[in-house]
Amino acid sequence: MTDIGAELARMRKDIERLQRAARLSYASLDDTALEVRDSSGSLRAQIGQQGDGTTAVNVVNGPPPPAPTAPIVVSVLGGVTVSWDGQFADGATMPLDWSRVEVHASPLAIYTPTAATLKATVETAQGCTVVIATPDPVYVQLVARSTSGTASPPSSTVGPVGPTAVVASDILDGIVTTVKLADAAVSAAKVAVNAVGSTALADGAVLSAKLAAAAVSVGKIADNAVTGPAIASDAVTAGKVAADAITARELAAGAVTASEIAAGSITTDKLTVVGGTNVLNDPSFEGVYAASIAAKFSQWAVQDKTFGNGSVASMKLTTDGTSMFRAVELTLLPTMAGQQIYIAVDYYASTDWAGGELNMHIRWEAEGGATLVTDKAQTRVTAPVKGAWTRIAGTYTAPAAAVRARVRIETGLVTAGSTWFDNAECRPIVPGVQIADGAITTPKIVAGAVQTAQLDALAVNASKIAAGAVTTAKLDALAVTADKIAANAITVGKLEAGSVDATALKADAITGKTITGGTITGTNINGATVTGSEVRTGTSGERILLTPTPPFPLAQRPSILLYSNAASELGPGLLNSGVTSGVPSTILGSQATATDALGRSIRTTLGLIPPNPGTHGGRFVLTTLNPSGSTTAGFVAIDGTSATDASGQAILDLVATDGATTPKTSQLSLGAGRATLLAEALDVLPPATTLSAIYLNAATGHTGSLLRLQLNGADRLNVSTAGNITTPGVLTAGNFASGSVAITPSAANKPTSVSVSGLAVQGANLRAFISIANPAPGFTATTDGITGVGFTNLTSAGLTIWATRQNTTAVTVHWLVYGHN
């Protein structure tokens with residue numbers, strides 16, 4: 001027979017041994033998966049065989065990670081850089097299932113991050129900087145993703161931020177060649193005085209249209225340069241020929257011919273623009289970011305706030321005497337094969353410095369983190385200058401398979417002394433800023449920027465010179481020789497009075513048909529009418545332009561345009577008059593300095609509209625926009641219309657509205673003895689004075705209400721001339737208070753009280769009224785009568801109510817307290 005006690009003891013030992021043993025030590029998952037669920041039963045992970053036949057640890061249905069902190073967006077050439085500092089909004093902690101941060105950008109200020117707005121990702125939890133190529137300003141958001149693919153709420157939106165414009169300091173001397181200039185790009189204002197010499201002009205490049213009137217003076221014409229074919233018929237008049245200048249030997253034809261010359265040889269691959277915004281967060285090592293870097297590399301890095309090159313701090317690298325390389329990482333950038341990055345830094349080596357080298361370098365890494373190459377050839381110094389700040393700089397290109405770049409400063413094999421670094425730079429060279437053929441047009445060239453040294457020989461041909469751009473001041477003396485002038489290019493308008501003398505004429509150059517009679521006197525046009533053209537006081541700067549056809553998008557009616565030359569001016573001020581839909585009007589408008597969301601100019605205007613024939617009705621409209629007020633921006637307008645007949649009424653409207661799709665408008669209309677206000681709300685906010693905040697005084701004989709409030713046409717409050725107040729609702733006043741209390745007598749026929757407190761009744765004098773709710777007043781045969789009620793201790797804060805009854809049944813007492821002055 002089995003011993004039950006022994007069996008139970010054995011089973012207990014087996015259970016304890018199983019509890020102490022490792023779980024699943026010898027288990028396996030055969031063609032299946034192990035599911036991990038949370039406390040609510042939701043699936044969170046699958047370990048083992050997946051539905052598609054693969055084997056993996058698949059995390060699903062994870063909670064959304066917290067929103068990242070707002071991005072740091074900086075303009076660079078051809079785009080913007082976006083930096084994430086590795087932190088989360090409101091100081092949230094990074095979840096253990098964090099996967100990456102997505103960088104989204106859109107030209108819209110309000111948008112939902114989607115695959116269409118995804119521009120890049122940050123794969124490191126430390127944060128980094130990415131470059132987004134864009135020609136236009138964008139708004140940037142960050143979205144975090146967990147390993148299960150769940151997205152966080154988007155970060156705060158930063159923007160709009162656009163690319164940095166290419167300015168003169170970004171363009172190296174000598175890189176703008178013929179093929180980079182658009183036709184007519186070089187205007188007169190862009191060419192420095194005496195910049196164009198003979199060698200810079202292609203044969204036949206100077207045509208008649210390229211010469212300003214009277215641009216060719218005596219000093220610009222070489223001896224015998226002007227021959228017969230170069231002189232237009234009737235070009236040489238009596239006043240242009242010096243005495244005894246024409247002899248038989250000056251009369252010859254065919255002396256001036258043209259030749260072609262090839263364009264310059266410098267092509268696009270020689271052209272690189274280095275610039276853009278520095279992507280380093282703290283390049284002068286003055287702030288918290290530099291302090292965090294120094295803390296990370298505290299073995300040999302110190303943020304030195306006592307020494308810098310033009311700044312208050314620098315990054316100091318020390319040595320303990322051990323011969324080794326010591327590096328400090330400044331930033332981590334995403335990259336791709338072929339991308340170029342420009343880096344530079346100032347260094348200072350102490351006078352007792354001893355070591356192998358100091359440098360600033362880029363370490364290119366592949367997808368898995370393997371180092372491909374460390375570039376430092378241009379920014380490595382083996383014999384540094386000691387005791388003085390010195391700058392090193394270089395440009396490096398990402399090798400094949402590179403996906404990230406680590407920018408670092410470093411000392412190598414230094415055993416004595418200290419090294420300081422300051423004013424670091426890291427500027428990605430965005431491919432979009434390379435200059436395409438014909439991309440440099442006239443507005444892109446600063447006045448006087450094109451000097452003789454910037455032009456290749458024969459680089460300027462006829463197609464590159466705008467009409468009238470080459471004036472006398474742009475030509476060296478005797479720069480225009482016979483081979484540079486096309487046949488018949490020099491007409492009367494191109495010759496300065498007296499500039500053609502005997503030495504400037506070739507023998508036989510003047511034939512009979514080239515001389516005409518007549519006299520040219522004066523420089524003004526008097527007593528004449530100018531039609532079908534424009535009259536202007538200048539071509540640039542502050543000026544007035546009278547034109548029958550203003551430039552688009554201005555109304556096509558004769559106008560006077562007023563240019564202020566302000567930097568913010570997008571369109572001129574104007575005064576015009578015309579007819580629209582059969583109605584004449586005159587418009588006076590300010591300069592435009594902004595546009596609405598549809599690109600239309602915003603300007604303050606005054607429109608004057610006369611009355612219709614035979615009527616009294618005139619109108620004026622003063623608005624902060626165009627006369628019609630048709631725009632997506634908010635505006636303010638004053639619209640006045642006089643009566644259309646002798647007994648009619650005039651109306652004056654004051655309007656203020658916003659630019660929403662469904663605009664909110666406030667409008668005050670004055671007319672016919674009545675003022676009408678249309679608005680969502682009326683706020684009266686008077687200052688502290690002795691006057692009434694709202695004062696209404698009706699004249700004697702007034703029979704209407706003093707105040708009448710309605711909702712959907714139904715009266716809600718009415719104050720009559722007698723001061724009577726009528727309302728269909730409940731009137732609540734601070735001098736009234738009411739309520740009910742239940743008093744349970746402590747004994748039969750014994751007065752018992754209950755206190756009422758917490759009131760705030762207004763008024764200098766107080767009165768109270770009480771009544772009982774029970775139907776048994778006085779002494780009754782059934783001995784349940786209420787023999788008395790009353791009150792004591794009446795104040796603005798409360799009162800004491802008393803009740804006496806023949807028994808101890810509770811008594812309900814209603815009370816009312818009101819105050820008066």
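1. Two strands pair if DSSP finds at least two bridges between them. The strands themselves (E, at least two residues) are DSSP runs, like helices (H or I, at least four residues), and they are numbered from the N terminus. With that in hand, look at alanine 737, which stands opposite valine 817 in strand 42.

2. A word on the model before we go on. This is a predicted model, in which local features need pLDDT of at least 70 and side-chain atom pairs count only at pLDDT 80 or more, while totals for chains, interfaces and linings use all residues. Residues are numbered from 1 along each chain as its sequence is written, and side-chain values use heavy atoms, with hydrogens and water left out.

3. Back to the strands. Strand 37 pairs with strand 42 (residues 811-820) in the antiparallel sense, over 8 bridges. They belong to an open sheet of 3 strands, ordered 37-42-39, with antiparallel pairing. Which strands sit at the edges? They are strand 37 (736-743) and strand 39 (765-772), each of which pairs on one side only. On average, neighbouring strands of this sheet are turned by 20° against each other, direction ignored (axes are lines fitted to C-alpha atoms, for helices over the stretch in contact, and angles run from 0 to 180 degrees between N-to-C directions).

4. Strand 28 (residues 605-609) pairs with strand 29 (residues 619-623) in the antiparallel sense, over 5 bridges. Here leucine 608 has phenylalanine 620 of strand 29 as its bridge partner. Strand 29 is also joined to strand 30 (residues 635-641) by 5 bridges, and these two run antiparallel. In that pairing, valine 621 stands opposite aspartate 639 of strand 30.

5. Now find threonine 129, in strand 8 (residues 129-133). Is this residue buried or exposed? Threonine 129 counts as buried because its relative accessibility is 3% (buried means under 20% relative accessible area, exposed over 50%, partly exposed in between, with a 1.4 Å probe and protein chains only). Beyond its neighbours within four places in sequence, threonine 129 has contacts (heavy atoms within 4.5 Å) with several residues, including Val82, Val279, Leu332 and Pro334. Threonine 331 is 202 residues from threonine 129 in sequence, but their C-alpha atoms are 7.7 Å apart in space.

6. The side chain of threonine 129 also makes a polar contact of 2.6 Å with that of serine 83. A polar contact is a pair of N or O atoms within 3.5 Å; within protein, one must be able to donate a hydrogen and the other to accept it, and residues adjacent in sequence count only if both atoms are side-chain atoms.

7. How many salt bridges are there? The count comes to 18, where a salt bridge is a side-chain nitrogen of Lys or Arg within 4 Å of a carboxyl oxygen of Asp or Glu. One of them links arginine 406 and glutamate 329, at 3.0 Å from N to O. Arginine 406 lies in strand 19 (residues 404-412) and glutamate 329 in strand 13 (residues 325-334), so this pair ties together parts 77 residues apart in sequence. Arginine 406 is buried at 17% relative accessible area, and glutamate 329 is buried at 16%.

8. Aspartate 346 and arginine 391 form a salt bridge too, their closest N and O atoms being 2.6 Å apart. Aspartate 346 lies in strand 14 (residues 340-349) and arginine 391 in strand 18 (residues 390-397), so the pair ties together parts 45 residues apart in sequence. Aspartate 346 is buried, at 7%, whereas arginine 391 is partly exposed, at 37%.
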